[in-house]
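Please have the sequence and the model open while I talk.

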Amino acid sequence: MEPIKIEGNVVSAVSPEGQTASMTVEELLETANQRRMESRGIILPDGVKLLDSKGPTTIWVHETPPRVYSFKWIASGSPARHGPGTEYCTVRIALPYLVVLAAFEGDMLSGQNECFFRQRPLETEDDELLYPALLNCSKFTPQEGRPLSWICTAKMGPESLGPCRNPKQRMRAGFKALMHCLLETGFNYSSEDNEGSSWFTESTRVDPRVSTVESWSKASGENALFVLDVPWLKTGLSLRQVIDRMYAYRGIGGNGSLSASDLVRMIFNRRPKKPK
Amino acid sequence: MLETVRPRHQETFDPGPGGQDDLFGSCATGGLVTVNHGLHTEPLPVGNMTVAEIRARYADRFDIDPQSRAQIDGHIVDDSTVVRPGQILMFVRHAGEKG
């Protein structure tokens, strides 16, 4: 190992040829903490457009192009609004670009994942996200400190991830379970009853073609691409701002990188290894 | 002098090796179908095959749930349906509910 010395706030190293170079601890940390592009050996699912990490949290940003879906949707006249007794029917509706932000704690999917619409594919972090007019994409009131458009995963237990001992497969399994939950389980009024509202209910006035699921289905049959012209509700926030907001309500402050004081704390908190 | 007319079909564009259009150009099954199951989405040269044939052929590669139902462009179809080039075939398993 090459000799490295820290004296005061200066880190210095000596090369095998005897040359010395030095920098401040802050400069060293800034260099070491630079954002790097890598997936940590994980083969990313199709459609993942961006990875973003801060502290222990990693967010995958996934985009699905516009398409027509066949959803399991609460039937009009269902005796229950959600849970036991709820009756469902199949509806065929078109969606615009569907953007899912999946938050992982280490390699485990968290319970705080969000969903949005867009009328164009994502190209930069500055692109604005739109609220998704979907049941079970919850609107909290107040929104401060909570997700903007929470994907209801209350019934998604750890068993839904399946047997997955490989940490690299665990993230894929978590994401697969999230997308199954979002797109293939029944849509109902649990957000209205538990969180306050869903973005489907909030969006019924944006355009008569999406005011009810029946009119949405009819319009989808006539021209599935009409969803790219609907004035979906604006979040007023860019993808970057929504990601930073997710870190904030998850309690991850700062820029997530090591500081000089973090180094000092790590040195003082280090416990000597027990002799073997 | 006798002249012969070159048949038109010989003049149609035939992209050579390396051209992106040629990736599946020689495939006898025809055009591409977008096949989706869960995290997997791929344009595949399976035009004019039945849903059952595509399900069997890509069961492992796409991790297709045997319980899933096929949808073409959002319509639920049975496994004997022939999938046409340009269509989107999705395998979906409706199960459970949110909340």
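Leu233(A) is partly exposed, with 18 other C-beta atoms within 10 Å, where I call a residue buried if 20 or more other C-beta atoms lie within 10 Å of its own, exposed if 12 or fewer, and partly exposed in between, the C-beta atoms being placed from the backbone. This is a predicted model, in which local features need pLDDT of at least 70 and side-chain atom pairs count only at pLDDT 80 or more, while totals for chains, interfaces and linings use all residues. Residues are numbered from 1 along each chain as its sequence is written, and chains are lettered from A and ligands numbered from 1 in the order in which they are written.

Leu233(A) sits in the loop between helix 5 (213–222) and strand 15 of chain A; helices (H or I, at least four residues) and strands (E, at least two) are DSSP runs, numbered from the N terminus. Which residues does Leu233(A) contact, leaving aside its neighbours within four places in sequence? They are Leu130(A), Tyr131(A), Glu202(A), Ser203(A) and Val206(A), a contact being two residues whose C-beta atoms, placed from the backbone, lie within 7 Å. Val206(A) is 27 residues from Leu233(A) in sequence, and the C-alpha atoms of the two are 7.2 Å apart in space.

Let me turn to helix 6 of chain A. In this helix, which covers residues 239–249, the buried residues are Leu239(A), Val242(A), Ile243(A), Met246(A) and Tyr247(A). Viewed down the axis of helix 6 of chain A, these residues fall within an arc of 145°, so they line one face of the helix; the arc is that of the directions from the helix axis to the C-beta atoms. The strands of chain A against which they pack are strand 4 (48–54), strand 5 (57–64), strand 8 (97–105), strand 10 (114–118), strand 11 (128–130) and strand 15 (234–238). After helix 6 of chain A comes Gly251(A), with a positive phi near 80°.

Strand 5 of chain A runs antiparallel to strand 4 of chain A, and six bridges join the two; I count two strands as paired if DSSP finds at least two bridges between them. Lys54(A) stands opposite Thr57(A) in strand 5 of chain A, and in the hairpin of strands 4 and 5 of chain A, which has two residues between the strands, Gly55(A) takes a positive phi near 55°. Strand 5 of chain A is also joined by eight bridges to strand 8 of chain A, again in an antiparallel arrangement, and here Thr57(A) stands opposite Glu105(A).

Chain A also has an open sheet of three strands in the order 1-2-3, with antiparallel pairing. Strand 1 (4–7) and strand 3 (20–24) of chain A stand at the edges, each with a single partner strand, so one side of each is left without a neighbour in the sheet. Between strand 2 (residues 10–14) and strand 3 of chain A there are five bridges, and Ser12(A) has Ser22(A) as its bridge partner.

As for chain A overall, it has seven helices and 15 strands. Its radius of gyration is 24 Å, well over the 19 Å that the globule rule gives for 276 residues, so chain A is more spread out than a compact globule; the radius is taken over C-alpha atoms, and the rule is 2.2 Å times the number of residues to the power 0.38. The C-alpha trace of chain A spans about 80 × 45 × 35 Å along its principal axes, and buried residues make up 32% of the 276 residues.

Finally, chain B. Five of its strands form an open sheet in the order 2-1-5-3-4, with mixed pairing. Strand 2 and strand 4 of chain B stand at the edges, each with a single partner strand, so one side of each has no neighbour in the sheet. Strand 1 (residues 33–37) of chain B pairs with strand 2 of chain B in the antiparallel sense over five bridges, and Val33(B) has Leu44(B) as its bridge partner.

How many residues of chain B are in contact with chain A? There are 18, and they meet 29 residues of chain A. Strand 2 (40–44), strand 4 (75–77) and strand 5 (88–92) of chain B each supply at least two residues of that side.
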